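Dear colleague,

I am handing over the structure we spoke of, and my notes on it follow below.

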Amino acid sequence: MEMNCKHVWNYISEYIDGSIDDELRAQIESHLEHCEICSAILDSTRNILYLTADNRTFALPVGFSERLRARLEEEMAKSTDSP
Ligand SMILES: [Zn+2]
C-alpha cells in the first residue's frame with residue numbers, strides 16, 4: 001500500500017514515540033525520503049514533543065497547533081484538488 005501524506009500525519013506521534021510497528025515505520029520513512037512537507041512537519045513536531053516530553057502526551061501549544069493545522073489543511077486541500 002502506498003503511504004500518502006495523510007497517513008503519515010495520522011501516525012506521526014507514534015512514529016516519533018517509537019510505538020509503531022516496523023512495517024509502518026518503513027513505509028513512513030520511505031515516504032519521508034521524497035516528501036519535503038512531511039519531513040518539515042516531522043521536524044517541527046519532534047521539536048515540540050521534546051519540549052513537552054514530561055507529560056508524554058501529544059498536546060501541542062495552541063499557537064503551534066493552529067499553525068500546523070492550517071498548514072495541513074492547506075496541503076490537504078491541494079492534494080484533494082488533483083484527482
Ligand atoms: Zn508527505
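The end C-alpha atoms of residues 5–38 lie 7 Å apart, and this span is 85% helix and 0% strand, where helices (H or I, at least four residues) and strands (E, at least two) are DSSP runs, numbered from the N terminus. The UniProt record, an unreviewed entry, annotates residues 5–38 as "domain: Putative zinc-finger"; its positions are given in the numbering used here, its feature names are shortened, and such annotations may be inferred rather than shown by experiment.

Please keep in mind that this is a predicted model, in which local features need pLDDT of at least 70 and side-chain atom pairs count only at pLDDT 80 or more, while totals for chains, interfaces and linings use all residues. Residues are numbered from 1 along each chain as its sequence is written.

For the protein chain as a whole, the secondary structure comes to four helices and zero strands, in the order α-α-α-α from the N terminus. Of its 83 residues, 5% are buried, a residue being buried if 20 or more other C-beta atoms lie within 10 Å of its own, exposed if 12 or fewer, and partly exposed in between, with C-beta atoms placed from the backbone. Among the contacts with a separation of 6 or more, 55% join residues 24 or more positions apart; two residues are in contact if their C-beta atoms, again placed from the backbone, lie within 7 Å.

Helix α2 (residues 22–34) has 13 residues and reaches 19 Å from its first C-alpha to its last, close to the 18 Å expected at 1.5 Å a residue, the expected span being 1.5 Å times one less than the number of residues. Because one of the 13 residues of α2 is buried, this helix lies largely in the open.

Helix α1 (residues 5–17) packs with α2 at an angle of about 115°, with their axes 11 Å apart; axes are lines fitted to C-alpha atoms, for helices over the stretch in contact, and angles run from 0 to 180 degrees between N-to-C directions. On the α1 side the contact is made by Val8, Tyr11 and Tyr15, and on the α2 side by Leu24, Arg25, Ile28 and His31.

Two residues may be worth a look in your viewer. Glu14, found in helix α1, is partly exposed, with 15 other C-beta atoms within 10 Å, and touches Ser19 and Ile20, not counting residues up to four places away in sequence. Leu32, in helix α2, counts as partly exposed because it has 17 C-beta neighbours inside 10 Å. Leaving aside neighbours within four places in sequence, Leu32 is in contact with Cys38, Ser39 and Leu42, and the C-alpha atoms of Leu32 and Leu42 are separated by 8.8 Å.

With best regards
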